[in-house]
Structure formats: structure tokens, C-alpha cells
Amino acid sequence: FSDIVEEARLSARALLDYGEGFFNPTVRLGVTGLSRAGKTVFITALVHGLTRGGRFPVFEAYASGRIARAYLAPQPDDAVPRFAYENHVRTLIEERRWPSSTTDISELRLVIDYQRQNGADRMLTLDIVDYPGEWLLDLPLLNKSYEQWSGESLALSREALRAKLAAPWHAHLATLTPEGREDEQAALAEARLFTDYLRACRDDRFAMSLLPPGRFLMPGNLANTPALTFAPLDVPIDGGAPDGSLWAMMRRRYEAYKDVVVRPFFRDHFARLDRQIVLADALAAFNAGPEALHDLEAALAGILDCFRIGRSTILSALFRPRIDRILFAATKADHLHHQSHDRLEAVLRRIVAKAAERAEYAGAAIDVVALAAVRATREAQVQRGRDRLPSILGTPAAGEIANGDTFDGETEVATFPGDLPDNPEALFRGEFRGLSSAGADTADYRFLRFRPPKLERNGDAEPTLPHIRLDRALQFLIGDRLQ
Ligand code: GDP
């Protein structure tokens with residue numbers, strides 16, 4: 001029955017959206033990706049570029065001068081926070097610091113006045129919806145019982161790399177009797193240790209991606225509620241939880257999590273998107289090794305599966321397939337020399353293809369791009385003995401440490417990131433040792449964070465942000481809607 005109510009609600013919403021879209025063409029663009037993938041920076045740079053005259057040669061409507069202007073309009077959804085665009089721009093440009101990252105859903109409305117190719121003047125409304133990718137990985141939970149989820153989570157946590165990180169949680173788990181009386185303190189301790197384990201997996205050195213429930217790491221406004229205070233128990237998949245037991249308590253909260261968190265997000269936000277960009281920090285995964293890469297692949301398969309679920313609802317069949325374009329983007333490409341950008345794209349393409357196979361995926365057009373929403377580095381050839389090495393120049397953030405040196409945030413350094421292998425398979429077989437600073441006196445620059453670039457002012461004009469292939473992303477995501 002609840003599914004029927006859900007369908008009715010979704011259909012009513014779709015009708016409203018449809019009516020509005022008829023008079024006022026609107027594209028709802030979802031921007032997602034796991035924590036620190038680059039969502040905040042991407043949206044900030046995209047909006048800044050469109051409203052302040054960025055350089056976008058590959059974005060046809062813009063480059064050919066058919067876009068008269070783009071401007072921000074009041075945020076349309078009353079219950080969703082507005083994306084803090086102005087603050088982020090100030091931080092990025094005036095302070096040359098990276099803005100604070102996405103922790104919750106937020107939204108921004110951009111209006112684009114443009115001329116159609118046939119000469120008619122038109123307006124396109126672009127609603128940009130920023131949300132943590134962790135939340136998307138929760139959707140498969142809707143089809144899983146507590147016992148199934150427990151079994152899967154435990155099996156995963158016993159795999160090679162994860163087992164070590166899970167040791168403190170496993171130790172506590174071993175002291176619990178699922179059939180014993182329900183116990184708030186035990187639940188709190190379990191949830192805390194389980195969350196610590198998830199967080200440890202997300203650490204740079206491991207960079208693992210597949211970690212539902214998403215809100216445990218990105219709680220939004222639900223931190224400390226019972227819906228977030230549960231954890232897996234070692235229970236049989238087909239077992240029944242005795243009344244009043246710890247097991248029953250955990251199961252109840254797991255179901256609450258689905259009701260309070262997962263379903264509303266799917267219904268109110270995800271099901272209403274038209275286009276989607278999924279950002280991934282593939283470089284962090286390369287550097288962490290093949291396990292992290294397989295993990296990223298599994299996470300992308302999980303994400304792709306959500307788009308399939310999204311399309312199989314009655315309403316999408318009745319009206320239109322909602323998400324009809326998905327772009328996967330490897331971010332922070334400015335950490336590589338441009339010779340490697342195509343290789344980065346090739347690796348991501350390989351990961352996405354595999355993920356699509358695993359996700360029984362059918363439907364929307366998919367593309368892949370390697371980009372840097374904000375380019376923090378420049379390229380140069382640096383003389384090393386007899387060789388001229390292709391290198392990148394950037395200013396490491398204050399406090400960054402490499403090879404024992406602590407940077408002051410003002411000094412520019414040259415790094416030699418090394419090349420990605422020609423053949424993506426090498427990465428998956430673990431033959432690739434990670435990006436390095438080959439030739440740079442053994443300093444380890446792999447995880448160095450550069451400050452945002454210093455911008456050149458061109459007379460009185462606002463400075464624009466340099467980027468890599470951001471225009472290609474725009475062309476794929478909305479180019480066809482500006483014909
Ligand atoms: P979010 O968690 O997905 O919102 O991630 P952010 O957009 O906050 O990005 C996380 C961090 O990645 C930033 O603080 C930057 O250090 C880095 N970053 C993101 N985008 C870029 C980029 O285009 N170039 C460089 N060099 N660093 C980036």
C-alpha cells in the first residue's frame with residue numbers, strides 16, 4: 001500500500017513539474033559524488049563562469065554568442081537550503097582558499113537568456129541540486145532486510161584491507177548477544193564503532209567508496225537521532241528477532257532509517273532530476289591502489305543502479321524518462337600534466353563500462369570527462385640535468401607537508417606527477433605504483449593540496465577562473481537544451 005501512496009505522490013509532483021516546465025523550460029541538474037570529490041568547487045566554478053564571462057570554447061551556445069546573459073534567481077524549493085554561492089566565490093577568489101565542502105543537500109537556480117539557432121529568444125531555467133553521493137548509495141537498502149544488510153556489511157568488513165580497520169568494532173560486536181535484551185548503551189557504542197570504521201575506510205590512504213548507510217558519514221541534520229543509531233549484528237539472514245531484543249531494536253531503527261531518510265530523499269529530490277553529473281576523485285583512488293579502484297567501481301555501479309530504479313517507476317513511463325543524461329567526471333585533473341588527461345578519461349571510461357555491466361543498466365546517454373573545475377596549477381618544462389621534464393607548478397596550501405618541508409602557502413613549487421599508464425588495465429592489476437614525484441628528489445607530492453590560483457585582472461573586468469574541460473561538461477549536460 002505504501003508503494004501506491006508513494007507512486008501517487010510522485011505522479012502528482014511530476015505533473016506539477018511538467019506543467020511548470022511547459023511554460024518555463026527547466027532542467028534540474030543533479031551534482032553528486034562522494035565526499036571531497038569536488039562538488040562544491042564544480043558548482044561554484046560553473047555558475048561563476050556562466051555569469052561572469054568564463055572561457056568556454058567547447059560550450060557551443062555560449063562560444064557562438066547565443067547566450068545573452070545568465071543570472072541567479074531566487075531558490076525555488078522552500079525546504080531546501082540555498083547553495084552558498086556568494087560565500088564560496090569570495091573564499092575561492094579573494095581568500096584563495098577552497099570553500100567548505102558539501103555536507104547536505106542544497107540548491108541554486110540559474111536563468112539563462114539565449115537565442116535559439118533559428119533566432120528566437122528563449123529562456124532556460126537551470127536548477128542545480130547538490131547532494132552527497134553517499135546518500136545515493138543508500139537507495140539499494142530499500143530492497144534489503146536488516147539481516148541481509150548486516151550479513152553483507154559484515155562480509156565486506158572482513159575483507160583484506162577493511163578487516164584491520166574494523167577490528168575495534170568487531171571486538172565489541174563479539175561481546176553482544178543479538179537475542180539479548182535491547183540496550184541503548186550497546187546500540188550507541190555499536191553505532192559509534194561502526195561509524196569510526198566507515199570513516200577510517202574513507203581516509204586518504206584507503207580511499208574506499210562503498211560505505212552505506214550514507215548518513216553515518218554525512219548526517220546532515222539527523223546526527224544523534226535513533227534513525228542513525230544502529231549497526232550490523234551477526235545474525236542469520238532468515239532469522240526472526242525475538243521481541244524486546246537488541247536485534248529487534250536494531251532492525252526497527254534500520255527500517256526507520258529507510259522511512260525517514262532514504263525514501264523522502266528519493267521521492268523529493270532524486271526522482272525529480274533531469275540530468276546528472278557524478279564526480280569522482282579517481283586520482284585519490286589510483287594513489288591508494290587497486291583495492292580502492294575496485295571499490296570505486298562498485299560504488300559507481302551502485303550509483304548507476306539507482307538511475308535504473310529511478311526509471312522504472314510508473315510515472316517516468318507515463319511522462320518522460322527523467323534522467324536522460326549522466327556524465328561521469330574525474331575531477332582535479334589539474335594535478336596531472338595535460339598529456340595524461342586523456343588517459344585519466346580512459347581509466348574512468350573503463351570503470352564506468354564495468355559498472356554499467358554490473359548495474360544491469362539501460363537507458364540514459366552516458367559520457368565521461370576528466371576535468372578540473374578550477375585549475376590550480378600551470379604547466380612548465382623544468383630542466384633536470386639533461387632532461388626537460390613536463391611538470392606542473394602550483395602553490396601548496398599553508399601547512400601542507402611533503403618530504404619533511406612544511407609549506408607557507410605562498411611559495412610555488414614544481415612537481416612531476418608522473419604519467420598514468422597507457423593501458424588502464426595496469427591500474428586494476430596493481431602494476432601501477434601510484435602517481436609519484438619521479439625525479440623530484442623523492443619528495444612525495446601525491447596528496448599535496450594546491451591553493452586556488454592567483455587570478456590575473458584584465459583591466460576593470462572581473463577575473464575569470466581557469467579550468468580544464470568544464471566547457472565539455474556543460475556542452476554534454478545542457479548543450480542540447482539550448483539549440
Ligand atoms: P565536495 O565534498 O564534493 O563538495 O568537495 P569540494 O568541492 O569541497 O572539494 C574537495 C577538495 O578537493 C577541495 O577543498 C580542493 O582541495 C579539492 N578540489 C576540488 N576541485 C578541485 C579542482 O578543480 N582542482 C584542484 N586542484 N583541487 C580541487
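Analyst: A residue is called buried if 20 or more other C-beta atoms lie within 10 Å of its own, exposed if 12 or fewer, and partly exposed in between, with C-beta atoms placed from the backbone. The model here is predicted, so local features need pLDDT of at least 70 and side-chain atom pairs 80 or more, while totals for chains, interfaces and linings use all residues. Numbering starts from 1 along each chain as its sequence is written.

User: Thanks! Which residues of α2 are buried?

Analyst: They are K39, T40, V41, F42, I43, T44, A45, L46, V47, H48, G49 and L50. That makes twelve of the 14 residues of α2, so this helix is largely enclosed by the rest of the structure.

User: How do you know that the span of α2 agrees with its number of residues?

Analyst: The expected span is 1.5 Å times one less than the number of residues. For α2 that should be 20 Å, and its end C-alpha atoms are 20 Å apart, so the two agree. Just after α2, G53 takes a positive phi of about 75°.

User: What does α2 give to the shell around the ligand?

Analyst: It gives three residues, the most to that shell. In total 20 residues surround the ligand, and the closest are G38, K39, T40, W98 and S101. To be near, a residue needs its C-beta atom, placed from the backbone, within 6 Å.

User: Now the sheet. How do you know that β8 and β9 pair?

Analyst: Two strands pair if DSSP finds at least two bridges between them. β8 and β9 (residues 387-394) have seven bridges, in the antiparallel sense. For example, A380 has S391 in β9 as its bridge partner, and R384 stands opposite D387.

User: What makes β8 and β12 edge strands?

Analyst: Three strands form an open antiparallel sheet in the order β8-β9-β12. β8 (378-384) and β12 (413-415) each have a single partner strand, so one side of each is left without a neighbour in the sheet.

How values were computed: Helices (H or I, at least four residues) and strands (E, at least two) are DSSP runs, numbered from the N terminus.
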